[in-house]
Amino acid sequence: MFRFRLRRRAIACGGFALAVAGMAGLPSTASAEDVIRIGAPLPITGPLAPEAIKQKQGYDLWAEQANKAGGISVGGKKYKVEIVYVDYQSNTPRAVQATEQLITQDHVNFLFGAFGSGAAKAASTISEKYKVPTLAATASSSQVYDQGYKYLFGTFTPNDTLTTPLTKIVKAKAPDVKKVAILARNDLFPLAIAQEMEKSAKANGIEVVFFDKYAIGTLDHSATLSQIKSLAPQWIFITGYINDLLLARKQMVDQQIKAPVVTMIAGPAYQEFIDALGPSAENISSAAWWHPAEQYDGKDIFGKTSNFVKLFRDKYKTEPDYGQASAALCGALFQLAIEQAGSLDRDKVRDALAKMDVVTFFGPVKFGSNGQINSLDPPVFQIQGGKPVVVFPQAIKQGDLKLGVN
Amino acid sequence: MLAAQVLVNAAVLGCLYACIAIGFSLVWGVLNVINLIHGSLIVLGAYLAWGLYQWIGVLPWYVLVVAAPLFFAIGYLLQRLLLNKVITAPVLVTLTLTFGLDLILNNAMIYFFKADYRKLTLVPSLGSISLGGVVVPVDRVIATAFALVLTGLLYLLLRRSRVGRAVVAVRLDHDAAVLMGVDVKSIYAIAFGLGAALAGCAGVLMALIFPISPLTSSAYLGKAFVVCVLGGLGSVSGALVGGLALALVEGVGAVVVGPSYATTLSFLLLIVFLIVRPQGLLGRKGFE
Amino acid sequence: MTRSSIALAVLLAVLALLPLVGGAYALRLGTIACMYAVFALSWNIVGGFLGYPSFATAAFFGFGAYATGVLMTLGVPLPLALVATLITCLLAASVLGAVLLRLRGHYFAIASLSLVEVLREVVNNATDLTGGGMGLNIPLASNSSVLGDALFFFYAMWIVLALTAAMVIAVSASKLGFGLACIRQNETAANMVGLNTTLYKSIAFGLSACFVGVAGGIYAAWVHYIDPSDVFDILYSVKPIVMALIGGLGSPLGVVCGALVYLGLEEVVWRNYIQIHSGLLGLLVVLLLLFLPHGLVSLRTRLFRRKAGHA
């Protein structure tokens, strides 16, 4: 009996020794000198996995383009780019750990922020402590930037820049819209944007007849939708991630719920939303931080917006959306900042980012004193004929807002 | 009118929940195994339906013919090769084993199918029927009908066939069944196979209704838990009653106290039921 | 003190020396290691000593994280908040234990699992207090350097681990421990010979909750931001079980070793196989249960061993 136990313990100890040895054998020092390493903590597994894939596509496209052009030139010398990915399993604390690991173990030069507002905020505490410039591709909530951090920059404007133009254009095109029903996923970003919507609606004299949130992982919206139907709102505003919105839209059709305006954030910008819904995606409006129809002549590696779209299509055989574009932009911005600073020194690159004032394929980029971008005009768009069509702002408008979602 | 609509919604949803839970209930009842891989099997079934429709345009209800034997084989082999080895171990071991298997299957699906949400959208769409202001979506009705047929078939199988009687015998009294010469290990494998087949068929039907992604497996599993406890274990009618009860609580709860409380309510109900009536609405006491 | 208790004390002392050899990241791993060991040791009281399959670890952890987090946002200093968390967790879990531990086997497993779901949704909906789905920002406990912070939280977590270990050793040597073993062997018989099984089970549940809650509290102060789906993650319930299975159910030294081994494996797999790490973890669990069930043998040998230890 006793020998048995001893053997078991020996195996356990052996396992531990093996584990430690495995850890020690990992790359712990920066590799060759002529490589710039950028760390990217992403939720590659877990509920946010689909978003992580998009981010990764954006980063990869940029890295590929940068390396194809010979790399980033720093003071006359060309550096190749390498992106170091770590999976944080859609778990915020893991994101914090991953960020520290990237800085202290993988010795990355710079960082991309974790996905979304919550994780980006939590992880920024670490990057700030180590003074590593961080570009967050998908953090929009202004609370992320109110900590007085100097090394965090974000490429999404605050949430209200989405809802305000949306409300204005609906009010201009459909003055009959008097009642709005808002249904939000009980989760950081979807809830924050729903609250902004509530404010915008009230500010514009639209009555909010329904405001409620649903739990993460809700499998059925039929009861809630029946209730919304009975209130007969002219505008239905639903927030969530793509799975929630696919389900909600399907159930709206099932229940024959119609309204002049139906807005969903943040799914319709994604090609798979349109693919999955087919004709029932028609006339759904949404807003996003970027749209492939935009026409900027950028000074970054991608140049014109159309060039970025083409490169993206060639590589991934699908239309880019704002998440992928923003990720690619973050790479392009690092490149611009490094080239401007002429150095890989983190403080110099940080200063170059802070001073940045440049037009990119994504639009004009200039960061406010809190680090959040303040130079963008997010477009409002609508699915028309199976394609997203920009209806606002005027400069890049492709069509008018159509009423009636059946 | 709202009340009628909510009740009809709940009735249809309840049958779908029963369909999700029935295989889980069977395995729990007969093998005394909490089968955590159930949710992922449902998702795998949904991918099968989605893939066949995208690829050669086979309608989901025809896919059932392929799915049932395929998933039966998967389940049978899992039980024969893996679970039977630890079936006599404490509760914790079998549960943890299925947890490990679930991690593997789920990760494999994320790896091969990506985590993107997909949707099986029939063209032309089936639409909805409207009866005096109450709207019922046709695809849900069809899924419900098939769910009822499946549960009916299972009921007949357990009642009428020799194998089915053996399964029931093992469920009721394991030791007596052994004494009567029932090959328990093979009955276990058959029961697990049946559970897997029901999961796969449920997945095929759910493909019509819910977005498809490996990430939804835990939601299915959660529903199966609640349905089983509410309705009672291992019985066909119990799953149906449990499903209806759950859907009703969720639907009415969403309207009365708000949709964010609907899930909380169902889990609270589950705990209360466990404490005051662990045998479920219809089940019998036992299976500890 | 038995030999294995002494070995455990030595192991913990060695762990405390980690700051001498490691930097900030090693300290982070060390902090997580202590946290996992607290989970495993605490779970072992109900899962190992008492033999009830509990999935409530995540519920206690999340509850503790939120209790401490909310208190800190109200201006309560960290140590006081942690003490309050400890007491609340102990009391709440004792009451719950008296009710939930009436259930056996799978029914108890499911009830403890649902406890996690219910608490998560309650926190999700108590928006005014907890921020709901928006998460909760916790004020910084200290404003020191990277390493100073890492040291502080490492030792805080280590102290909780030491307390947990002391508690577990005390329990296993006491009448309570003996009573729990009796209940595991045959609850009905234990009841008949006049053991107040409800009281024993209730105390056991409370003790298995309180230090997990405190660990949750330290954790919340450590990461500054918590949200319901992160801290009420069901994996926190499953991991301690796997650790205990690795190390051997019931043996405090075993489960602590199990926790360390598990963390080591998790770290290696997580880093090297980005796309398939959860599948590999699953494979590990399956292989462990099928081919290395020695951890389970101790379930039967434990009693023999105790006799040997006393002799």
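Start by selecting chain A in two colours: domain 1 covers 35-157 + 293-366, and domain 2 covers 160-288 + 379-396. These bounds come from an automatic or database domain assignment. Before going further, note that this is a predicted model, where local features need pLDDT of at least 70, side-chain atom pairs count only at pLDDT 80 or more, and totals for chains, interfaces and linings use all residues. Residues are numbered from 1 along each chain as its sequence is written, while chains are lettered from A and ligands numbered from 1 in the order in which they are written.

**Between the two domains of chain A**

Taken over C-alpha atoms, the centres of domain 1 and domain 2 of chain A are 29 Å apart. Now show the contacts between them (two residues are in contact if their C-beta atoms, placed from the backbone, lie within 7 Å): 14 residues of domain 1 of chain A meet 12 residues of domain 2 of chain A. On the domain 1 side, helix α4 (residues 116-129) of chain A provides the largest share, three residues. Helices here are DSSP runs of H or I with at least four residues, strands are runs of E with at least two, and both are numbered from the N terminus. Colour that domain 1 side by class and you get three nonpolar, eight polar and three charged residues. Nonpolar means Ala, Val, Leu, Ile, Met, Phe, Trp, Tyr, Cys and Pro; charged means Asp, Glu, Lys and Arg; the others, Gly among them, count as polar.

**The sheet in chain A**

Next, select the six strands of the open sheet in chain A, in the order β2-β3-β1-β4-β5-β6, with mixed pairing. Strands pair if DSSP finds at least two bridges between them. At the edges are β2 (72-74) and β6 (152-154) of chain A, each pairing on one side only. From one strand to the next, the twist averages 30°.

Zoom in on β1 (residues 35-42) and β3 (residues 77-87) of chain A, which run parallel and are joined by eight bridges. Within β3(A), A:V81 is the residue opposite A:I36.

Switch to chain B, which has 11 helices and two strands.

Show chain C as well: 34 residues from chain B and 34 residues from chain C make up the contact. From chain B, α4(B) gives the largest share of this side, 15 residues. By class, this side of chain B has 25 nonpolar, six polar and three charged residues.

Terms used: Axes fitted to C-alpha atoms, helices over the stretch in contact; angles between N-to-C directions.
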